[in-house]
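Subject: Structure for your study, with notes on its sheets, pockets and ligand

Dear colleague,

Please find below the structure that I am handing over to you. My notes on it follow.

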Amino acid sequence: MNPKSTYQKTLAETIIKNMQKRQIEACYCETSKEAVEKASSYLTKGAVVSFGGSMTLSECGLMDSLKANPDITLLDRSLCKTPEEITELYHKALNSDFYFMSSNAITTDGKLVNTDGTGNRTAALIYGPKNVIILAGMNKVVKDEAAGLARIHEKAAPPNSVRLNRNTPCANTGICADCQNPDCICCETVITRRSAIPNRIKVILIGEELGY
Ligand code: SF4
């Protein structure tokens with residue numbers, strides 16, 4: 001194993017121990033392939049599965065795997081035809097058995113930092129789905145909550161604004177202006193410092209750069 005891989009694994013092991021103290025289950029996979037296998041191993045036959053918007057889930061191959069899984073019912077927003085259908089699906093997602101997402105940032109002491117525009121993803125993280133499974137590349141790791149918030153406004157939200165075709169200062173200039181724009185995607189921030197239900201939240205850290 002090269003020094004960078006060894007370092008990432010060592011850091012991941014520290015984060016995993018810190019998450020366990022917070023009743024968050026966690027593990028480390030060196031590759032996306034291993035991570036998708038691990039994530040899929042949690043799924044039970046007949047489970048209702050949903051997910052939050054995430055580049056990581058697409059890049060690591062999880063979305064393809066979920067769409068090809070005949071044993072689950074996937075609540076897939078890409079099949080919705082109207083805004084009303086999307087709203088209904090977001091509500092159904094809160095009752096799902098498994099909810100997949102990434103995290104905008106993960107602190108070395110084991111907290112999750114997430115900011116949403118609509119809030120459907122952060123709502124599901126807080127309460128509702130029986131299990132929340134988070135896949136995140138080691139590029140999401142930051143020192144603390146402040147660094148997590150900085151990461152969101154400097155690294156995550158600007159490219160996400162571009163991806164979502166939002167007319168925001170960060171999409172137009174590349175720099176966050178702490179906006180109050182109608183298109184703003186930074187409306188709710190959730191810091192997860194502990195899982196109230198032991199191991200409801202399961203984090204799979206991946207030794208790759210994934211997502212924004
Ligand atoms: S400019 Fe607005 S949407 Fe963009 S990162 Fe800053 S607060 Fe978020």
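Which residue stands opposite Val113 in S9? That residue is Ile191.

Before the rest, a word on how to read these notes. This is a predicted model, in which local features need pLDDT of at least 70, side-chain atom pairs count only at pLDDT 80 or more, and totals for chains, interfaces and linings use all residues. Residues are numbered from 1 along each chain as its sequence is written, and side-chain values use heavy atoms, with hydrogens and water left out.

The four-stranded sheet

Val113 and Ile191 face each other where S6 and S9 run antiparallel, joined by five bridges. These strands belong to an open sheet of four strands with the order S8-S5-S6-S9 and mixed pairing; two strands count as paired if DSSP finds at least two bridges between them. Strand S8 (141-142) and S9 are the edge strands, each pairing on one side only. Helix H1 lies across strand S5 (105-107), S6 and S8, at about 80° to S5. Helix H7 also packs on this sheet, where it touches S5, S6, S8 and S9, and its direction makes about 35° with that of S6. Contact here means heavy atoms within 4.5 Å. The angles run from 0 to 180 degrees between N-to-C directions, with axes fitted as lines to C-alpha atoms, for helices over the stretch in contact.

Strand S7 (residues 131-137) pairs with strand S10 (residues 201-206) in the parallel sense over six bridges. One of the residues involved is Ala136, whose bridge partner in S10 is Leu205.

Pockets and a cavity

Rolling a probe the size of a water molecule over the atoms shows where empty space is left. On a 1 Å grid over the protein atoms alone, a cavity is a set of points where a 1.4 Å probe fits but cannot get out; a pocket is an open set with protein on both sides within 12 Å along at least five of seven lines, and lining residues have an atom within 4 Å of a point. Grid points are joined across faces, edges and corners, and a volume is the space filled by probe spheres set on the points.

The largest pocket holds about 730 Å³ of space. It is lined by 34 residues, and Gly53, Ser54, Asn160, Arg163 and Leu164 are the closest to its centre. H7 gives the largest share of this lining, five residues. By class, the lining has 11 nonpolar, 15 polar and eight charged residues. In this scheme Ala, Val, Leu, Ile, Met, Phe, Trp, Tyr, Cys and Pro count as nonpolar, Asp, Glu, Lys and Arg as charged, and the others, Gly among them, as polar.

The second largest pocket has a volume of about 230 Å³. Of its 15 lining residues, Leu125, Ile126, Tyr127, Ala196 and Arg200 lie nearest its centre. S9 gives the most to this lining, with three residues.

The ligand

Among the residues that surround the ligand are His153, Asp178, Cys170, Cys176, Cys179, Cys184 and Cys186; a residue is near a molecule if one of its heavy atoms lies within 4 Å of it. H7 and helix H8 (169-173) each supply at least two residues of this shell. The shell has nine nonpolar, two polar and one charged residues.

Yours sincerely,
A colleague
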